[in-house]
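These entries record what I looked up about charged side chains and their pairing. I begin with the criterion and then follow the contacts one by one.

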Amino acid sequence: MEMINAIGRRKASVARVYLTKGEGKITINGKEYKDYFPQSHIQNNLTDPFATVDIEAGIYDINANVNGGGFKGQSEAVRMGIARALVKLNEEFRKPLKARKFLMRDSRVVERKKYGKPKARKSFQFSKR
């Protein structure tokens, strides 16, 4: 098996994920994933695709380059990239990953601010008199 690459996106984050045979190291932007994402619930985002298809995380090395957005959007972008790479590896993984919505692009983004308002929809306090 050579290197398999896939792209994942979420909010403003774009992740390029490279999957190779190895000993289970997950590297994000040159750092160990536990150092890059210190929160445990965010770390689980990265290992969920492997648990869904019943693959040990120790079989494959993952190298991801991610930029844009915040830590939650970045972790979900990497999760989508890992899921897409696993589907390229074995087409039978598509059904369980699709059931958990790991292959679906979540396109929700922040609504733009409108003029005359402090935020997108919030209005200033109204005074009748």
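This is a predicted model: local features need pLDDT of at least 70, side-chain atom pairs count only at pLDDT 80 or more; totals for chains, interfaces and linings use all residues.

I counted a salt bridge where a side-chain nitrogen of Lys or Arg is within 4 Å of a carboxyl oxygen of Asp or Glu.

Residues are numbered from 1 along each chain as its sequence is written, and side-chain values use heavy atoms, with hydrogens and water left out.

Entry on the network. I found Arg 10, Lys 72, Glu 76, Asp 106 and Arg 108 linked by salt bridges.

Entry on Arg 10. Its side chain meets that of Asp 106 in a salt bridge, at 3.3 Å from N to O. Arg 10 lies in strand E1 (residues 4–10) and Asp 106 in the segment after helix H4 (94–99), so this pair ties together parts 96 residues apart in sequence. I took helices (H or I, at least four residues) and strands (E, at least two) as DSSP runs, numbered from the N terminus.

Entry on accessibility. I used relative accessible area: buried is under 20%, exposed over 50%, and partly exposed in between (1.4 Å probe, protein chains only). Arg 10 is buried at 8%, and Asp 106 is partly exposed at 22%.

Entry on Arg 108. Asp 106 also forms a salt bridge with Arg 108, at 2.8 Å from N to O. Arg 108 is exposed at 58%.

Entry on helix H3. Glu 76 and Lys 72 form a salt bridge, their closest N and O atoms 2.9 Å apart. Both residues lie in helix H3 (residues 71–89), 4 residues apart, about one turn of the helix. Glu 76 is buried at 13%, whereas Lys 72 is partly exposed at 45%.
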